[in-house]
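Take a look at it, then read on for a short tour.

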Amino acid sequence: MKSNDQEIIVSVAGLQKSYGEVEALKDMNLEVRAGERFGLIGPDGSGKTTLLRLLIGLLVPGGGEARVLGFDPVTQAEKIKSDVGYMPQRFSLYPDLTVAENLQFFAQVYRIPKAERLRLTERLLKFSRLGPFQDRRAGALSGGMKQKLALSCTLIHTPRLLILDEPTTGVDPVSREEFWNILDDLRRQGVTVLVTTPYMDEAALCDRITLVYQGKVLASGIPDEVAASFPRRIVQVFTPQPQETARALAGVCGSGAAQLFGDRVHLAVTDVDVCLRETRARLIAAQLPFTAIREGKPSLEDMFVHLIQQPTTND
Amino acid sequence: MRPILVLIRKEFQQILRDRAMLAIIFIAPVLQLVILAHSINTDVRHLKLTILDQDRSSLSRQMAAALQYSGYFDLASTPLSLHAAENQIQNGQASLALVIPQHFNRDLTLGRSPSVQLLVDGQNSNNASIGMGYVTAILQMVSRDIMVERLAVSGRSLPLHLVEAQTRIFYNPNLESIFYMIPGIVTVLLTITTMMLTSMGLVREKEVGTFEQLIVTPIRPGQLLIGKLIPFAVLGFLELALVLGFSIVLFDMPVVGNLLLIVLAVALFLLNTLGSGLFISTISSTQQQAMFVAWFFMIFGLLMSGFFYPVENMPDWAQALTLGNPLRYSVSILRAVLLKGSGFTDLLRDYLSLAALGIIILGATVVRFRAKVG
C-alpha cells in the first residue's frame with residue numbers, strides 16, 4: 001500500500017454554509033487520507049458541491065473548520081491552489097479553443113516550464129486518448145470527451161489532490177467506465193482523489209465514502225462496510241414488471257416502500273422467512289409474474305434509502 | 001507578469017477565432033464611418049421649395065430665380081393655387097412654400113412695402129428654421145438689390161450704407177459637417193469595442209464557467225483583471241488608428257493638432273469605458289443583461305455627448321449631467337485637437353475631468369471585482 005497512509009489531506013469539522021435562509025451544509029465532518037479515493041455520495045441538493053467549493057476557497061463557510069493539505073482554504077487559498085486540481089460539475093473550459101490550446105493555456109497558467117509542458121501535454125493526450133482530437137475545438141467534443149479534457153486540464157500541474165464534482169453525470173456508460181479507469185491509473189500514481197457522485201455503483205469503486213443528505217453526514221466508511229451496516233435484511237423479487245410489482249408490494253410485512261433496481265424490487269424486512277412467504281402470496285393474488293424471490297445482500301443504495309427515510313434526529 | 005501575458009494571448013486567440021467579433025471590430029467601424037459620415041449631414045441643402053407666383057411680374061420672377069439658383073433648394077412643380085401649394089406641403093412634395101401675392105410688384109413700386117407669405121412644414125424644426133433663414137436672407141438680398149437699382153435709375157444715390165459682414169471661417173473652412181462628425185464616430189466605436197466587448201467578454205467567462213476555473217488556478221484576481229483589460233485597450237487603439245486613417249485617406253480630413261494629444265485623450269477615455277465595461281460585468285450574470293446595460297449607457301452617453309446636439313443648447317440641468325459623461329470630453333477633445341489644433345493647456349480641464357472620471361470608475365470597479373472574487 002501507500003507509504004504514508006496516515007497523512008490527512010483534507011479534514012472537515014463541523015463545517016456550515018447557508019445561502020440566505022437555505023442551509024446547504026449543516027454539520028459536515030470528514031477526513032480524506034493520502035492516496036485514497038474518497039467518495040462523497042448523495043442526491044442533488046445534498047450539499048456536495050457546496051462542500052467542494054468551500055474546500056477550494058470559492059466560498060467562505062458560515063462556521064466550522066476545514067483544512068486542505070494543511071492550509072485553511074479561506075485565508076491560505078493561494079497555497080492550496082498550486083497543489084489541487086478542481087474540476088467543476090459543469091464543463092468549464094474555453095469552447096472556442098482547441099483541445100491542445102486549452103491544455104497549453106492551463107499549463108501556462110500553472111507556470112509549467114516549456115520543455116515539461118510539451119511532455120505533460122503529450123502524456124495527458126495519450127492517457128485521455130484525446131490525441132486524435134487535439135485540434136478539435138473543445139465545444140465540439142462529445143460529453144465524455146469533454147469530461148476527459150477537463151480532467152486532463154486539472155491534472156496538468158500534477159496536483160497532489162484532485163477534487164472532482166460529479167465528473168460522470170450526463171456521460172454515457174462507456175465513457176463513464178473509461179473515466180473511472182483513468183481514475184484507477186491516478187490512484188496507482190498516488191494522487192488523492194475526492195469525488196462526488198449520485199451513482200451508487202460508482203460509490204462502490206471508492207476506497208472510502210461518506211453518504212450525505214440535506215447537508216449532513218448520514219454514514220461514513222468503506223463502501224462494503226457501510227452497506228453491511230444495514231440494520232434490516234433484504235428480500236429481492238426478480239420480475240419482468242418491476243413497476244407494478246413494487247406498487248403491489250408496498251408495505252408487505254412491514255417493509256415500507258419497495259425499492260426499484262432495474263429488473264428487481266428490494267424489500268427491507270426484519271423476518272426474512274415470514275416475508276418470503278407473504279410476498280409470494282401477495283404476488284400470486286395480484287397475478288403478477290416473477291422469476292425468483294430470495295434474500296439478497298443489502299446494497300449501498302438500500303442503506304442510503306434506509307438512512308434518508310429515518311425520522312430526522314435531533315441536531 | 002507572465003500569467004498576464006498568457007491571458008492576453010488567450011484573449012487574442014479567442015477574438016481572432018470569432019468571426020462575428022472580428023466583424024464588429026474591423027468591418028463595422030469602416031462601414032459606420034462611410035455610412036454615418038455621408039448620411040449624418042447637418043448642412044441643410046436640397047430643401048424642397050414650391051413657389052406660387054400670383055404676381056407674375058419681372059420682380060417676382062427675379063425673386064424666384066434667386067431662390068432657385070441659390071443652391072439650397074430643389075424646386076417642386078409650380079402650383080396653380082394656394083390650395084395646391086398647401087397640398088404640396090401636406091403630401092411632402094415641398095417643405096417650404098413661398099406665396100408671392102398679386103400686385104406685389106405694383107405695391108412695391110408704390111412704396112407700400114408688400115409682404116410675401118411663407119408656409120413651412122415644421123416637423124423637422126431644425127430644417128424648417130434653417131430653410132426660413134435662407135429664404136429670408138435671399139429675399140432681403142433681392143430687395144436690397146432692387147432698391148439700389150431703382151434708386152440708381154431715378155438718378156439718386158443710396159442714402160444709407162449697409163453694414164456688411166465679411167465672413168472668414170476658421171478651423172473647418174468649408175463647414176464640412178463630416179469632419180465635425182468624425183470625432184463623434186471615433187468615440188462611439190471606441191465605446192462599443194471597449195465597453196461593450198469587455199463587459200460581454202467577462203460575463204461570457206462567467207456563463208461558461210471558465211471564470212471559476214481561472215479563480216482556482218494560481219492566477220491572482222488583479223492579474224485576471226489586467227489580462228482582460230489590455231487586449232481590449234489594444235483593440236481600442238487599433239480602432240482609433242483605423243478610423244483616423246480612413247478619415248484622412250478617404251475624406252481628406254485635415255489633422256491640425258498633435259496626434260499624441262489624441263492618443264492621450266483616448267488612453268484616458270479607455271480608462272472610463274474599460275472600467276464601465278468591467279463594472280457592468282460585475283452586475284450582470286448573462287451576456288444579454290450585460291449588452292442591455294451597456295447599450296443603455298452608450299445611447300444615453302452618446303445623446304448627452306454633444307455628438308448630435310451641442311451641449312451648450314441643453315438646459316442647465318442637462319449640461320450639469322454631461323459633466324459626468326466621459327463621451328462628452330472625448331468628443332470635445334477630439335474635435336478641438338483634430339479640427340482646431342488646440343494644445344494641451346487649452347484642453348487641460350477636459351483632460352483632467354476625463355482622467356478623474358476614469359480613475360473613479362475603474363477604481364470603484366476594481367474594489368467591487370476584488371470583493372466579489374476574493
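How many of the 315 residues of chain A count as buried? The share is 43%, where buried means that 20 or more other C-beta atoms lie within 10 Å of a residue's own, exposed means 12 or fewer, partly exposed means in between, and C-beta atoms are placed from the backbone.

## Before we start

What you see is a predicted model, so local features need pLDDT of at least 70 and side-chain atom pairs count only at pLDDT 80 or more, while totals for chains, interfaces and linings use all residues. Residues are numbered from 1 along each chain as its sequence is written, and chains are lettered from A and ligands numbered from 1 in the order in which they are written.

## The two chains

Chain A holds 11 helices and 13 strands. Those words stand for DSSP runs numbered from the N terminus: H or I over at least four residues for helices, E over at least two for strands. Along its principal axes, the C-alpha trace of chain A covers about 75 × 45 × 40 Å. If you take the contacts in chain A with a separation of 6 or more, 69% are between residues 24 or more positions apart; a contact means that two C-beta atoms, placed from the backbone, lie within 7 Å.

Chain B has 14 helices and four strands. Its radius of gyration is 28 Å, well over the 21 Å that the globule rule gives for 374 residues, so chain B is more spread out than a compact globule. (The radius is taken over C-alpha atoms, and the rule is 2.2 Å times the number of residues to the power 0.38.) The C-alpha trace of chain B spans about 95 × 45 × 40 Å along its principal axes. Of its 374 residues, 35% count as buried, and residues 24 or more positions apart make up 78% of the contacts in chain B with a separation of 6 or more.

## A sheet in chain A

Let's pick out an open sheet of four strands in chain A, in the order β11-β12-β10-β13, with antiparallel pairing. Strands pair here if DSSP finds at least two bridges between them. At the edges sit β11 (259-261) and β13 (292-296) of chain A, each pairing on one side only. Neighbouring strands of this sheet are turned by 30° against each other on average, direction ignored. For angles, axes are lines fitted to C-alpha atoms, for helices over the stretch in contact, and values run from 0 to 180 degrees between N-to-C directions.

Three bridges join β11(A) to β12 (residues 264-269) of chain A, and these two run antiparallel. In this pairing, A:Gln259 stands opposite A:His266 in β12(A). Helix α10 (residues 272-285) of chain A packs on the sheet, touching β10 (233-238), β12 and β13 of chain A, and its direction makes about 25° with that of β10(A). Helix α11 (residues 300-309) of chain A lies across β10, β11 and β12 of chain A, at about 50° to β12(A).

## A sheet in chain B

Chain B has an open sheet of four strands too, ordered β2-β1-β3-β4, with mixed pairing. Its edge strands are β2 (73-75) and β4 (117-120) of chain B. The twist averages 30° from one strand to the next. Strand β1 (residues 47-53) of chain B pairs with β2(B) in the parallel sense over three bridges, and B:Leu47 has B:Phe73 as its bridge partner in β2(B).

Helix α4 (residues 82-90) of chain B packs on this sheet, touching β1, β3 (96-100) and β4 of chain B, with its direction at about 165° to that of β3(B). α6(B) also touches β1, β3 and β4 of chain B, and its direction makes about 160° with that of β4(B).

## Where the chains meet

Now for the contact between the chains: 18 residues of chain B are in contact with 20 residues of chain A. α1(B) gives the most to the side of chain B that touches chain A, with seven residues.

Which residues of α1(B) are buried? They are B:Pro3, B:Val6, B:Leu7 and B:Lys10. Seen down the axis of α1(B), the buried residues fall within an arc of 95°, so they line one face of the helix; the arc is that of the directions from the helix axis to the C-beta atoms. These buried residues pack against α3 (99-109) of chain A together with α9 (221-251) of chain B. The face turned away from the buried side of α1(B) carries the exposed residues B:Arg2 and B:Leu16.
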